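Hi,

Here's the model I promised to pass on.

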Amino acid sequence: MYKALIFDLDGTLVDSLPDIALAANLALQYLGLRTFTVNEYKTFAGGGHWRLMEKAITLAQDGTPPTHDELDRAVAVKKRQENSPNGHDQTKPYPAVHDMLRKLQGLGLQLAILSNKQEPTVRRIVASLFPDINFSYVAGARDDTPLNRSPTRIAS
């Protein structure tokens, strides 16, 4: 029998794609490139900031990959927006997620969130959207530990 469940945040518990698209589009605009709709981001979102911005810039440049400098600047703009106080205004839990989490918690399971977003941002989103859920562990990207899918994150 399971004792704990670990969830990713974006695309698992919450629909953050509108905010991810907004942040990515701000980065593309900063570089003077065309932007994409939220629906278009569905086809290439995922994999973190670097992978998403590399795909978006390449598509916006008709197949030409970004330079290292372009990618660095784009990721910096995207992160700044996503980590700002209003960087997740459109993010919301998927339907029935609250009910599922309450039921799992009621079964005595420990619940955790491990995300590749910056940890203060993860904590802010979780506190705002899931105030009634007692997560045993909530973590995100930090300079001192690997990103979300590393088993060392939970053990540390």
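Axes here are lines fitted to C-alpha atoms, for helices over the stretch in contact, with angles running from 0 to 180 degrees between N-to-C directions. Helices are DSSP runs of H or I with at least four residues, strands are E runs of at least two, and both are numbered from the N terminus.

Before the rest, some housekeeping. This is a predicted model, so local features need pLDDT of at least 70 and side-chain atom pairs count only at pLDDT 80 or more, while totals for chains, interfaces and linings use all residues. Residues are numbered from 1 along each chain as its sequence is written, and side-chain values use heavy atoms, with hydrogens and water left out.

On the H3 side the contact (heavy atoms within 4.5 Å) includes His 49, Trp 50 and Glu 54, and on the H4 side Glu 70, Asp 72 and Lys 79 are among the residues involved. By class, this contact has seven nonpolar, one polar and six charged residues. Ala, Val, Leu, Ile, Met, Phe, Trp, Tyr, Cys and Pro count as nonpolar, Asp, Glu, Lys and Arg as charged, and the others, Gly among them, as polar.

H1 (residues 17-30) and H3 (residues 48-60) have axes that come within 11 Å and cross at roughly 55°, which makes H1 oblique to H3. Ile 20, Ala 24, Ala 27 and Leu 28 of H1 touch Leu 52, Met 53, Ala 56, Ile 57 and Ala 60 of H3. That contact has nine nonpolar, no polar and no charged residues.

H1 also packs on H4, at about 140° with axes 8 Å apart, and H1 passes H4 in a right-handed crossing. Tyr 30 is one of the H1 residues in that contact, and Arg 73 is one of those from H4.

Now the largest pocket: about 370 Å³ of space lies in it. A pocket is an open set of points on a 1 Å grid over the protein atoms alone, where a 1.4 Å probe fits, with protein on both sides within 12 Å along at least five of seven lines; lining residues have an atom within 4 Å of a point. Points are joined across faces, edges and corners, and the volume is the space filled by probe spheres set on them. Of the 21 lining residues, Asp 10, Ile 20, Ala 45, Gly 46 and Gly 47 are closest to the centre. H3 gives the largest share of the lining, three residues. The lining has five nonpolar, eight polar and eight charged residues.

Cheers

Key: Angles under 35 degrees count as roughly parallel, over 145 as roughly antiparallel, 65 to 115 as roughly perpendicular and the rest as oblique. A crossing is left-handed if the near helix is turned anticlockwise from the far one by less than a right angle, and right-handed if clockwise.
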